[in-house]
Amino acid sequence: MSIDELEDVKEDFRSGRGPELLDAPSHPTVARLHAYLEQKRQGRPFTDRGDIRPAEIAPLLPHLVVLDVLDGGNDFRVRIWGTALVELMREERTGQLLSEFGREPRIPTDATELRRRWLTISKLTLKRREAIFFRSPTVSPKRAFMTYHGMFAPLTAGNAEIGQIFGIMVSVLHTGRQK
């Protein structure tokens with residue numbers, strides 16, 4: 001799926017077959033990262049990765065994901081996969097391509113849907129050139145009791161070109177407890 005084909009996929013999101021795109025963060029942890037990035041952006045179109053100080057967002061680090069943009073945004077490589085995500089997904093995805101997600105899942109899942117969701121949100125972030133907020137049920141039937149809340153935002157590296165996607169994902173049990 002190319003970036004130009006995203007409009008079709010957005011309809012899937014509206015019909016309940018994928019993540020729900022939101023106008024604002026739906027979880028306080030996501031809102032905290034968004035506020036941090038906005039403060040660091042300082043009126044520029046995008047936050048630069050050189051502006052980010054991990055010590056300033058230490059409580060958020062386990063939930064973070066950083067993706068390197070590859071091939072003009074047709075794929076992405078996981079640069080950072082937070083420890084809370086490792087625990088939740090039961091796998092370390094650092095170094096993997098998004099197009100490879102779900103190939104050897106440790107939790108039963110719909111691998112095609114998993115890749116589609118990750119690639120779509122990442123590509124949409126590039127296309128819109130702004131933060132994307134989302135809420136999504138899991139793709140694993142064994143995890144139907146969880147919902148993910150997240151945000152992906154474009155990140156530059158000393159120039160005007162978006163080179164990375166900086167994101168956060170937090171899982172919430174349907175009982176309301178945070179994982």
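Me: What is the relative accessible area of Phe-101, and is Phe-101 buried or exposed?
Reply: This is a predicted model, in which local features need pLDDT of at least 70, side-chain atom pairs count only at pLDDT 80 or more, and totals for chains, interfaces and linings use all residues. Residues are numbered from 1 along each chain as its sequence is written, and side-chain values use heavy atoms, with hydrogens and water left out. Buried means under 20% relative accessible area, exposed over 50% and partly exposed in between, with a 1.4 Å probe and protein chains only. Phe-101 is therefore buried, its relative accessible area being 0%.

Me: Which geometry does the pair of Phe-101 and Trp-118 have?
Reply: Rings of Phe, Tyr and Trp (its six-membered ring) pair if their centres lie within 6.5 Å; planes under 30 degrees apart are stacked, over 60 edge-to-face, and the rest tilted. The centres of Phe-101 and Trp-118 are 5.3 Å apart and their planes stand at 70°, so the pair is edge-to-face.

Me: Is Trp-118 buried or exposed?
Reply: The relative accessibility of Trp-118 is 6%. Trp-118 therefore counts as buried.

Me: Which residue lies over the face of Phe-101?
Reply: A charge sits over a ring if NZ of Lys or CZ of Arg is within 6 Å of the ring centre and within 35 degrees of the ring normal. At 4.4 Å from the ring centre of Phe-101, the residue is Arg-93.

Me: Which residues do ring pairs link into a cluster?
Reply: The whole structure holds five aromatic pairs. Ring pairs join the cluster of Trp-81, Phe-101, Trp-118, Phe-134 and Phe-152.
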